[in-house]
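Please find below a colleague's note on the model under review.

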Amino acid sequence: MAASLRLLVRRLARLSHRSITSAAANVSWRSGCCLGPSSSRCLSDAAEDRSTHFGFETVSEAEKAKRVYKVFENVAQKYDIMNDAMSLGVHRLWKDILLHAMHPQPGARLLDVAGGTGDISFRFLDYVNYQQERQKRRATGSSQSLSWQDISDKYPEEDRPQESRAVVCDINKEMLKVGKQRADSMGIVSGVSWVVGDAEELPFDDDQFDIYTIAFGIRNVTHINQALLEAFRVLKPGGRFMCLEFSKVTNPVLASLYDAYSFQVIPVLGEVIAGDWKSYQYLVESIRKFPDQEEFKGMIEDAGFCCVQYFNFTGGVVALHSGFKL
């Protein structure tokens, strides 16, 4: 209940801030339009007028949100198959590298935003379970000569690690539905929860998570800066932000080959495998509109994160950005 009230307050504050900004921007050319009884209607119209990009197309912010939702609603059932086809399976390696860089320990709490199909969260649970079993084996090996009472005294109940948990948060219900189906098929019955939520207005209290991940999702957010601020807010002090996203290829030869593959092959694969050319055309175009590695690093720092760095994979096809909330 308290979390819901705080979310409502933040939403009203954001709407108020945007309304004031819009009014200030439009007052010079809408002579008195934002004065009087019709002011709220005028501000609403101004919000509709704010433009952004949807791939290479310019649309209103409201229209982009609707279209992006529709894209992922359309591709949800074939999402994993298409990821394999589009990346020739390399996306699995990129995600594995993300987990090794994260190196989560037992008891860690993960928030995986735009993680509908559960790829990162399932890897996270596997990783921490392996770490926990490894720690148990080490403890057993070093305690061979101890009595049961000695072992009990050495490892009191309150010092044992709490259960690690992953929260998958996605704005698209169809993507979450696919993730839940995958969890059921893999026999995962605990350790993960599924929440419908917007990356720009996360339905969580402050300082809740040890790790925040967003993999191949932040380029689809309308206001990236706001999503980064929300990531900072929900992380605990000392928490880590990690973003895996398509980026700018650094090698000119590879860049030419990558462009040819992206624009000439991927939409065709989308049509053949998923029956959806337009959605995959958008996904390709959205990659080209996303900030390059250095620009995105600056945006993360502006949101308040420290020790921000990035690593290029496959010549810059993908970059992993990381930062800490201190």
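The points below move from the basis of the model to the whole chain, and then to individual residues.

1. Basis of the model. This is a predicted model, in which local features need pLDDT of at least 70 and side-chain atom pairs count only at pLDDT 80 or more, whereas totals for chains, interfaces and linings use all residues. Residues are numbered from 1 along each chain as its sequence is written, and side-chain values use heavy atoms, with hydrogens and water left out.

2. Overall architecture. The chain contains 13 helices and nine strands; these are DSSP runs numbered from the N terminus, with helices (H or I) of at least four residues and strands (E) of at least two. Of the 326 residues in the chain, 44% are buried. Buried means under 20% relative accessible area, exposed over 50%, and partly exposed in between, with a 1.4 Å probe and protein chains only. The accessible surface of the chain is about 16800 Å², and carbon and sulfur atoms account for 56% of it; such areas come from the Shrake-Rupley method with a 1.4 Å probe, and for residues only the protein chains shown count as cover. Among contacts (heavy atoms within 4.5 Å) between residues at least 6 apart in sequence, 74% join residues at least 24 apart.

3. Salt bridges of Arg182. The whole structure holds 15 salt bridges, each being a side-chain nitrogen of Lys or Arg within 4 Å of a carboxyl oxygen of Asp or Glu. One of them pairs Arg182 with Asp80, at 3.6 Å from N to O. Since Arg182 belongs to helix H8 (residues 173-186) and Asp80 to helix H4 (residues 79-87), this pair ties together parts that are 102 residues apart in sequence. Arg182 also meets Asp119 in a salt bridge at 2.7 Å, N to O. Asp119 is in helix H6 (residues 119-141), so this second pair ties helix H6 to helix H8 across 63 residues of sequence. Asp119 is buried because its relative accessibility is 10%, whereas Arg182, at 22%, counts as partly exposed.

4. Arg233 forms a salt bridge with Asp206, with the closest N and O atoms 2.7 Å apart. The pair links distant parts of the chain, 27 residues apart: Arg233 is in helix H9 (residues 224-234), and Asp206 is in the loop between S5 and S6. Arg233 counts as buried at 12% relative accessibility, while Asp206 counts as partly exposed at 40%. Elsewhere, salt bridges that share partners join Asp80, Lys95, Asp96, Asp119, Arg123 and Arg182 into one network.

5. Annotated positions. The unreviewed UniProt entry carries a "binding site" annotation that covers Thr117, Asp170, Asp198 and Ala199. UniProt positions are given in the numbering used here, feature names are shortened, and annotations may be inferred rather than shown by experiment. Asp198 lies in the loop between strand S5 (192-196) and strand S6 (209-215), and Ala199 is found in that loop as well. Asp198 is partly exposed at 27% relative accessibility, and its side chain reaches the backbone nitrogen of Glu200 at 2.9 Å. Ala199 is buried, with a relative accessible area of 9%. Leaving aside residues up to four places away in sequence, Ala199 touches Val113, Val221, Ala227 and Glu230.

6. Helix H12. Which residues does Ser279 touch, not counting those up to four places away in sequence? They are Val71, Asn74 and Val75. Ser279 lies in helix H12 and counts as buried at 4% relative accessibility. Its side chain makes a polar contact with the side chain of Asp276 at 2.6 Å. A polar contact is a pair of N or O atoms within 3.5 Å; within protein, one must be able to donate a hydrogen and the other to accept it, and residues adjacent in sequence count only if both atoms are side-chain atoms. Trp277 also lies in helix H12 (residues 277-289), but counts as partly exposed at 39% relative accessibility.

7. A buried glutamine. Gln131 is found in helix H6 and is buried, with a relative accessible area of 6%. Not counting residues up to four places away in sequence, Gln131 touches His103, Pro104, Gln105 and Pro106.
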